[in-house]
Structure formats: structure tokens, C-alpha cells
Amino acid sequence: MVKECFAFAVFLLVIFLVEAIVGVLAYMYEGTIREDLSRNLNTTMMENYKYNEKITTAVDSIQSQFHCCGAYTFEDWQNSSWDV
């Protein structure tokens, strides 16, 4: 019984440490992560929107949920390969 409790405590400690490290890294690299996500979203929108049903649904959902248009601004759609 004591062995199981000790093992469980160690397991929880390891999980907590991993979460803390991931949180610190996410905070440190927030700008890089944000830029990569925006760039990839913009590329996906320009190349695959209306040509891939799953991507179209995902982009529409993101824009509806966050009340936004484009990866950066609404002007992103001016460079798309299809007429708006």
C-alpha cells in the first residue's frame, strides 16, 4: 500500500513538472508560436480554402468563433486564388 502511494506521488510530481516546463516554454516562445500559426493559417487559407472541405469548415469555424477574418486582417483574403 505504501509503495503504491509513493509511486503515485512520484508519478503526479513528474506530470506536474512536465506541465510546468511546457508552460514556461510556451510563455518564452509565445511570439514565435503565434507567428508560425498565423503564417500557416494564412498559407492554408490562400491555397486550400474552398478546395478542401475539411479545411474550409475549420477556417469558417475559427472565423465564426473568434469573430475575425483572415490570419492577420480581413485584407488577407485579397490575395486568395478565388473570388470573394
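**Figure 1. Order of the secondary structure elements and overall dimensions of the predicted model.** Along its sequence the protein follows the pattern α-α-α, with three helices and zero strands. Helices (H or I, at least four residues) and strands (E, at least two) are DSSP runs, numbered from the N terminus. The structure is a predicted model, in which local features need pLDDT of at least 70, side-chain atom pairs count only at pLDDT 80 or more, and totals for chains, interfaces and linings use all residues. Residues are numbered from 1 along each chain as its sequence is written, and side-chain values use heavy atoms, with hydrogens and water left out. The C-alpha atoms occupy a box of roughly 65 × 25 × 20 Å along the principal axes. The radius of gyration of the protein is 21 Å, whereas a compact globule of 84 residues would have a value near 12 Å; the radius is taken over C-alpha atoms, and the globule rule is 2.2 Å times the number of residues to the power 0.38. Of the 84 residues, 15% count as buried, where buried means under 20% relative accessible area, exposed over 50%, and partly exposed in between (1.4 Å probe, protein chains only). Among the contacts with a separation of 6 or more, 52% involve residues 24 or more positions apart; contact means heavy atoms within 4.5 Å.

**Figure 2. Packing of helix H2 against helix H3.** Two packed helices are described by the angle between their axes and the distance between the axes. Helix H2 spans residues 30-48 and helix H3 residues 53-66; their axes come within 10 Å and cross at roughly 130°. H2 is therefore oblique to H3. Axes are lines fitted to C-alpha atoms, for helices over the stretch in contact, and angles run from 0 to 180 degrees between N-to-C directions. Angles under 35 degrees count as roughly parallel, over 145 as roughly antiparallel, 65 to 115 as roughly perpendicular and the rest as oblique. The crossing of H2 past H3 is left-handed, a term for a near helix turned anticlockwise from the far one by less than a right angle, with right-handed used if clockwise. H2 contributes Leu-41, Thr-44, Met-45 and Asn-48 to the contact, and H3 contributes Ile-55, Thr-56, Val-59 and Gln-63. These residues comprise four nonpolar, four polar and no charged. Ala, Val, Leu, Ile, Met, Phe, Trp, Tyr, Cys and Pro count as nonpolar, Asp, Glu, Lys and Arg as charged, and the others, Gly among them, as polar.

Figure 3. Beyond its neighbours within four places in sequence, Ser-38 is in contact with Ala-71 and Tyr-72. Residues up to four places away in sequence aside, Gln-63 touches Met-45, Cys-68, Cys-69, Gly-70 and Trp-77.

**Figure 4. The loop residue Lys-50.** Lys-50 lies in the loop between H2 and H3. Its phi is near 75°, a positive value in a residue other than glycine. Most residues other than glycine have a negative phi.

Figure 5. Ser-64, in helix H3, counts as exposed because its relative accessibility is 54%. From C-alpha to C-alpha, Ser-64 and Ala-9 are 43 Å apart in space and 55 residues apart in sequence.
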